[in-house]
Amino acid sequence: NRFIMKHAVYIGNFSFPLGNAAGKRVYANGKILSENGYEVLFIGLDGNISSETPIQETKNTFDDFIYYNLPDPASLSARMNFIKTYRTVTRLLDDIYPKPDLIIYYGSLGLSIIDDMLIQYCRKRKIKIVSDCVDWLTVKTDNPFFDFFKWLDTTYRNIYVNKRADGVIAISDYLTRYYSNAGCHTVTIPPLSPVKNHRNSLNTENQGKIVISYAGIPFRKGTLIRDLNTLKDRIDKTVLLLYSAWKKGCTFTFNIFGFTRDDFVTALPSYIEYIDKMGDSVHFFGMMSHEKVTDSLMKSDFTILIRDVNRDTTAGFPTKISESISYGTPVITTKTSDLEKYISEGDNGFFLDIENEISAVDKLSSILKIDRNSIFEMKKRCMESDLFYYRNYSSR
């Protein structure tokens, strides 16, 4: 019996393969599909592409995957041109031979109505269509009109559109329960790593101060943060916790990747005094290549991610955590999403209770005094666990 390859197309708001967290997620999921008998093609977004560039000219390959890109609809007017986006995508789909057996949409290519139209497209052609649902965000900006528009679009997709799909790939148990209770076929898949482990993460370079790293862009650059509760990654609380531990005599190096000191001053001017007081304990590296950031995170003793517990952080799953553990670097974080299922206290990470500031500072201070051998053993357990290796989720 000759093996017949099936065909899948992954479409959505991602920068394939490693341009953002979304791109990394769909890349790893594509590896699962590939090993389950699918030939996978990706259609994502690229902010460097002109709106006049034909989609056929964006064709590229990575790791034997073919991918195309559309221009990233940064403005509201670009998003409103959803008919053009839909037609561009469906014309490409119509040209693909043989036709897809499965289409998976991640978020949307601009507006959720495109996903709804894709479902209708698939129904007529007897193609299975599945939603890869990764969040349920509450948008808070200084623009009430934009906030309402984004809320409407997100609510429409999560409450109505996704339930019309043939199934849902949910990033968290929260979303799985929601869609399962609505009668949807669901499977929980956290953010995964396409690589089994990273051998060079077991370095012994850090012999002095403990190195803690944060990588991300927690705020819109060039914007003053008026409401701290709009921050998904609480970099403000992270700085305060580290400052309090520093005041207690703890020594460490805190490396920040993704934004500069000037970006921090603009966004959180009242917090720069804590940075300045810690002096050379804090280093800003700004934007760096994916390879350089990855290398730095591997060589760190810990990564840190502080988030509040709310619907946004419960419905989603922090890719920063799964990546850090996959790199062989233990995490310091808060109990959001499904992290208690994956993080074992003192084994591959630590939880801080930021609702109790005194307790959080005391615990962080004790973490910063862990001996080198114990940190090495934690890094080794992280790397060898293959906790988020994609093949461990293939059967799901």
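## Exercises on a predicted model

Tyrosine 10 touches Val26, Asn29, Leu33, Leu41, Phe42, Ile43, Ile104, Tyr106, Asp132 and Ile169, leaving aside residues up to four places away in sequence. Keep this residue in view as you start; the structure above is a predicted model.

**Exercise 1.** Find out which residues have the most contacts inside the largest nonpolar core.

*Solution.* 
- Step 1: Start from the general idea that nonpolar side chains tend to be buried together in soluble globular proteins.
- Step 2: Here, the largest nonpolar core has 85 residues.
- Step 3: Those with the most contacts inside this core are Tyr10, Phe42, Ile212, Phe254, Phe264 and Phe302.
- Step 4: Now look for a second, separate core; this one has 28 residues, including Ile11, Val89, Ile96 and Leu118.

**Exercise 2.** Work out which strands stand at the edges of the open sheet.

*Solution.* 
- Step 1: Write down the order of the eight strands, β3-β4-β2-β1-β5-β6-β7-β8, and note that their pairing is mixed.
- Step 2: β3 (60–62) and β8 (186–188) each have a single partner strand, so one side of each lacks a neighbour in the sheet, and these two are the edges.
- Step 3: Going from one strand to the next, the twist averages 25 degrees.
- Step 4: Zoom in on β6 (residues 128–133) and β7 (residues 167–170), which run parallel and are joined by four bridges. Cysteine 133 has alanine 170 in β7 as its bridge partner.
- Step 5: Helix α3 (residues 82–95) touches β1, β2, β4 and β5, and its direction makes about 160 degrees with that of β4. Helix α6 (residues 173–181) touches β6, β7 and β8, at about 170 degrees to the direction of β8.

**Exercise 3.** Decide whether aspartate 301 is buried or exposed, and find its polar partners.

*Solution.* 
- Step 1: Locate aspartate 301 in the loop between α10 and β12.
- Step 2: Its relative accessible area is 2%. Buried means under 20%, so aspartate 301 is buried.
- Step 3: A polar atom of the aspartate 301 side chain lies 2.8 Å from the backbone nitrogen of valine 211.
- Step 4: The side chains of aspartate 301 and arginine 372 are joined by a polar contact of 2.7 Å.

**Exercise 4.** Describe how helix α12 is covered.

*Solution.* 
- Step 1: In α12 (residues 319–327), eight of the nine residues are buried, among them Ile321, Glu323 and Tyr327.
- Step 2: The elements covering these buried residues include α1, α10, β12, β13, α13 and α15.
- Step 3: After α12 comes glycine 328, with a positive phi near 90 degrees.

Technical notes: Residues numbered from 1 in each chain as written. Predicted model: local features only at pLDDT ≥ 70, side-chain atom pairs only at ≥ 80, totals over all residues. Heavy atoms only, no water. Buried < 20%, exposed > 50% of the residue type's maximum accessible area, 1.4 Å probe, protein only. Contact = heavy atoms within 4.5 Å. Pairing = 2+ DSSP bridges. Axes fitted to C-alpha atoms, helices over the stretch in contact; angles between N-to-C directions. Core = buried A, V, L, I, M, F, W, Y, C linked by side-chain atoms within 4.5 Å. Polar contact = N/O pair within 3.5 Å; in protein donor to acceptor, adjacent residues only side chain to side chain.
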